[in-house]
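Here is a short briefing for a first look at this model. Please read it alongside the sequence and the 3D view.

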Amino acid sequence: MEPMDIVGKNKEDASLPKATMTKIIKEMLPPDVRVARDTQDLLIECCVEFINLISSESNEVCNREERRTIAPEHVLKALEVLGFGEYIEEVYAAYEQHRLETMDTVRSGRCSNGAAMTEEEALAEQQRMFAEARARMNGSATVPAKQPDLEEALAEQQRMYAEAHAGMNGGVTVPSKQPDSEADQDLTS
């Protein structure tokens with residue numbers, strides 16, 4: 001019978017990315033020190049066991065407090081209970097830094113690359129990407145250098161939506177409503 005972990009999967013299923021762990025190991029050691037592959041594997045297994053130990057103890061702390069969700073405080077308490085109290089301050093600082101970074105990202109609506117975009121910039125970027133894709137599909141290596149303005153980009157997006165919608169409705173298109181008066185035109189601009 002194979003050893004089972006808490007969630008019922010084989011221990012071998014729980015692992016950490018070898019490339020990432022190897023990079024971390026190499027960064028922690030002087031450049032002239034080499035680490036055998038077996039040693040790297042052993043260190044990775046130790047890390048997995050450490051995570052399992054902390055997770056298990058965090059779960060017990062959580063259960064003692066009659067909670068259903070493990071919170072960061074439970075992990076910090078688990079470190080203390082297991083005798084890793086000297087790491088609590090450093091772990092808490094890393095947690096706070098992570099929390100601030102993720103809160104900043106969520107609040108500012110940043111993209112994954114960290115650059116903030118307005119809705120207009122995102123629309124212009126989308127249109128640029130559409131143009132590049134069309135150019136690739138048509139076998140053209142060049143992409144128009146002119147960036148469409150917001151109105152052109154919106155009109156193009158609406159046209160593409162109408163084409164896609166017509167394709168889903170068997171080619172039947174619904175004409176768009178034209179403004180009846182100057183007041184209506186002001187509302188559509």
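Buried means under 20% relative accessible area, exposed over 50%, and partly exposed in between (1.4 Å probe, protein chains only). This is a predicted model: local features need pLDDT of at least 70, side-chain atom pairs count only at pLDDT 80 or more, and totals for chains, interfaces and linings use all residues. Residues are numbered from 1 along each chain as its sequence is written, and side-chain values use heavy atoms, with hydrogens and water left out.

**Cysteines**
- Cys46 is partly exposed, at a relative accessible area of 43%.
- Cys62 is buried, at 1%.
- The structure holds zero disulfides (pairs of cysteine sulfur atoms within 2.5 Å).
- For Cys46, the nearest cysteine sulfur is that of Cys47, 7.0 Å away.

**Confidence**
- The average pLDDT (the predictor's confidence in each residue, from 0 to 100) is 75.
- A score of at least 70 is reached by 59% of the residues.
- Residues 1-9 have pLDDT below 50. Beyond near neighbours in sequence, this stretch has twelve contacts in the model (heavy atoms within 4.5 Å).
- Residues 171-181 also have pLDDT below 50, with seven such contacts.
- Where pLDDT is low, the predicted coordinates should not be read in detail.

**Helix pair** (DSSP runs of H or I, at least four residues, numbered from the N terminus)
- The axes of α1 (residues 18-28) and α2 (residues 37-64) come within 10 Å and cross at roughly 100 degrees. Axes are lines fitted to C-alpha atoms over the stretch in contact, with angles from 0 to 180 degrees between N-to-C directions.
- α1 is therefore roughly perpendicular to α2 (65 to 115 degrees).
- Lys18, Met21, Thr22, Ile25 and Lys26 of α1 meet Gln40, Asp41, Leu43, Ile44 and Cys47 of α2.

Technical notes:
Helix = DSSP H or I, 4+ residues; strand = E, 2+ residues; numbered from the N terminus. Parallel < 35°, antiparallel > 145°, perpendicular 65-115°, else oblique.
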